[in-house]
Amino acid sequence: MRAAARRWDGLLFVAPFLLLYCTILIYPLLKGIWLSLHRVDLFGQGTLVGFDNYARLIGDPTFGQSLINTFLVTLMVVPVLTVLALALALALNRATRDAAIFRGIFFSSSVLSVTIVTLIFRFILAPDAGLLGEIWQGLGWEPLPFLSHPDLTLPALAITTIWWSLGLPMMLFLAGLQQIPEDMYEAAALDNAGKWTTFWRVTLPSIRRTLILVVMLQTAAQLQMFGQAQLLTAGGPSGASRTTVLFLFEVAFGRWELGYASAAAEILFLIILGVTLTQYWLTGRDRESGR
Amino acid sequence: MAASIQRGRLPWWGWIGLVVGAAIMAAPLVWTLLLSLKNNAELVGNSGAALSGPYTLENYVAILGNDRTLRWLLNSVIVSLGTTVGVLVLCSLAGYGFARLDFPFRRTLFTLVLLGLAIPSQAVILPQHQLFATLGLHNSYPGLILPGLITSFGVFFMTTYMRAIPKELDEAAMLDGASRFTIFWKVILPLTVPAQSTLAVFTFLGSWNDYWWPLISATRSDMYTLTVGLASSQMNYAQTSGLGFLMAQAVFASIPIFVVYVIFQKQIVRAMAGTAVR
């Protein structure tokens, strides 16, 4: 059977996907590396410059700041999102109708596109015309200039992102919690373990893989933050909220410096690849130790 | 959800936290809805007017009379449906090949596909843009759809699902003289409907909400999808017909996605469960 089945015609089934895959993903991936080593103008005529683009990036304060901004906003979003989502999942992991309604509410924002989310938050965060401004003024306070003060724009992007992305990690945690065998809790109850002890000793170790997945997925997603920064603050004021992908976008499609933008893309790619590999390494180690 | 999962009652402070949290989650949506139901002139310089009546549907009537917004809706529908159908076809074929047939370089090719899981779209956007410019595909439906068809996750997902189907089914059909394609089409594919619907919902949601590629590829406003169209309206806010109209556009653009979400909630939850225990 096996020898008879090992024929070339199996390739016909995978060929349509693979052809597109190689044309639209693998070729551009390699071409991107080529571009990053060249100085390329709008018409695609490249001159080999070696690692000049990378050297220029390291000395470019705009790029440096965009990296710092990206790391900062990731640091603001990921821990808060993870803790909130886990707390919600623990509270809503029950079969009641109320819990189902709450799950629906907390997930609803996740189905919106980034343009709708930023449109909504523009008119919540704007001090003159926003909901938050109205509430602040109602309380007799001065509205905070969330979208124009250099110290407040990154938090504004983080708040928007947390509101937008809470649903997915919550659902992932819920799915993880469902996998914990009931007898582990029974054993803990027999040992007279309190709620906190049960949480730290049973729940948390059991969902370790989900926890790693959530943190790494969110980290990779926030390192690529673009729409929020472009639409809410346009990276401003004076670059205070410019993320790396926004930098790349501006250099590529505003200044048409394709080689330089490609080098920035490769650096970010390596950072994200590092995050992904860390996840594989962490969960792979689990698998070996038989968890 | 198994009843046995319930463990103890939620303390009162837990309920307060949930209610406050839910209010914070819902307030922006309610606020948007209220703004969209207000006369534009009333909102100028005083968005607080949204908290009280009179409310009107005039902004929604204006959208239905606005050719541009309807065109963006049509574009979004074509691109999202086209992407969904394309992904289902390509991933089912590839999944069948990888899961149930043996051919030279099968493992190598599958590893190559899995590599795609680790490639973020920003890493390939510039050469993709060049490629599509060379092919003359910008500002066209194929140009908007094609990059969305490249989903390593879809192939991985279908392969895993098809691998779980018993091999005896193929062998029995083979003895009856059925061709490979007949086996795929008549025997295996009908068994994968649950996986197909999950993949379809996710592809549709992702495609409908995609901003990055259409922003770069569709430069003519008649080829915008709703996401890009809405982005351009909010950036030219000063020149548009006002806050109420803008918010009505946002509500209008999210109606299809909420309908899909409500109808296919089960598939979404099931897919999450699959990802979490992967």
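What follows is a tour that goes from whole chains to single residues.

This is a predicted model, in which local features need pLDDT of at least 70 and side-chain atom pairs count only at pLDDT 80 or more, while totals for chains, interfaces and linings use all residues. Residues are numbered from 1 along each chain as its sequence is written, and chains are lettered from A and ligands numbered from 1 in the order in which they are written.

The mean for chain A is 87, and 94% of its residues reach 70 or more. Confidence in chain A is highest in helix α4 (residues 61-92), at a mean of 95, and lowest in helix α1 (residues 2-5), at 47; helices here are DSSP runs of H or I with at least four residues, strands are runs of E with at least two, and both are numbered from the N terminus. Select residues 1-5 of chain A, where the pLDDT is below 50 and the stretch has three contacts beyond near neighbours in sequence, a contact being a pair of residues whose C-beta atoms, placed from the backbone, lie within 7 Å. Where pLDDT is low, the predicted coordinates should not be read in detail.

Next, select chain B, which has 15 helices and zero strands. Its C-alpha trace spans about 75 × 60 × 35 Å along the principal axes. The radius of gyration of chain B is 24 Å, whereas a compact globule of 278 residues would have one near 19 Å; the radius is taken over C-alpha atoms, and the globule rule is 2.2 Å times the number of residues to the power 0.38.

Show both chains together and select their contact, which takes 73 residues from chain B and 75 residues from chain A. On the chain B side, α1(B) gives the most, with 10 residues.

Which residues have the most contacts inside the largest nonpolar core? They are Met170(A), Phe173(A) and Ala264(A), in a core of 140 residues; such a core is a set of buried Ala, Val, Leu, Ile, Met, Phe, Trp, Tyr and Cys residues joined through C-beta atoms within 7 Å. Domain 1 and domain 2 of chain B both give residues to this core, so it lies between them. Centre on Phe173(A): leaving aside neighbours within four places in sequence, its contacts are Ala85(A), Leu86(A), Ala89(A), Ile207(A), Thr210(A) and Val214(A).

Finish with two loop residues. Trp256(A) lies between α14 (244-253) and α15 (258-288) of chain A, and its phi is near 55°, a positive value in a residue other than glycine. Phe105(B), in the loop between α4 (67-100) and α5 (106-115) of chain B, has a positive phi of about 65°. A residue is buried if 20 or more other C-beta atoms, placed from the backbone, lie within 10 Å of its own, exposed if 12 or fewer, and partly exposed in between. Trp256(A), with 13 such neighbours, therefore counts as partly exposed, whereas Phe105(B), with 11, is exposed.

Note on methods:
Two residues are in contact if their C-beta atoms, placed from the backbone, lie within 7 Å. Domain bounds come from an automatic or database domain assignment. pLDDT is the predictor's confidence in each residue, from 0 to 100.
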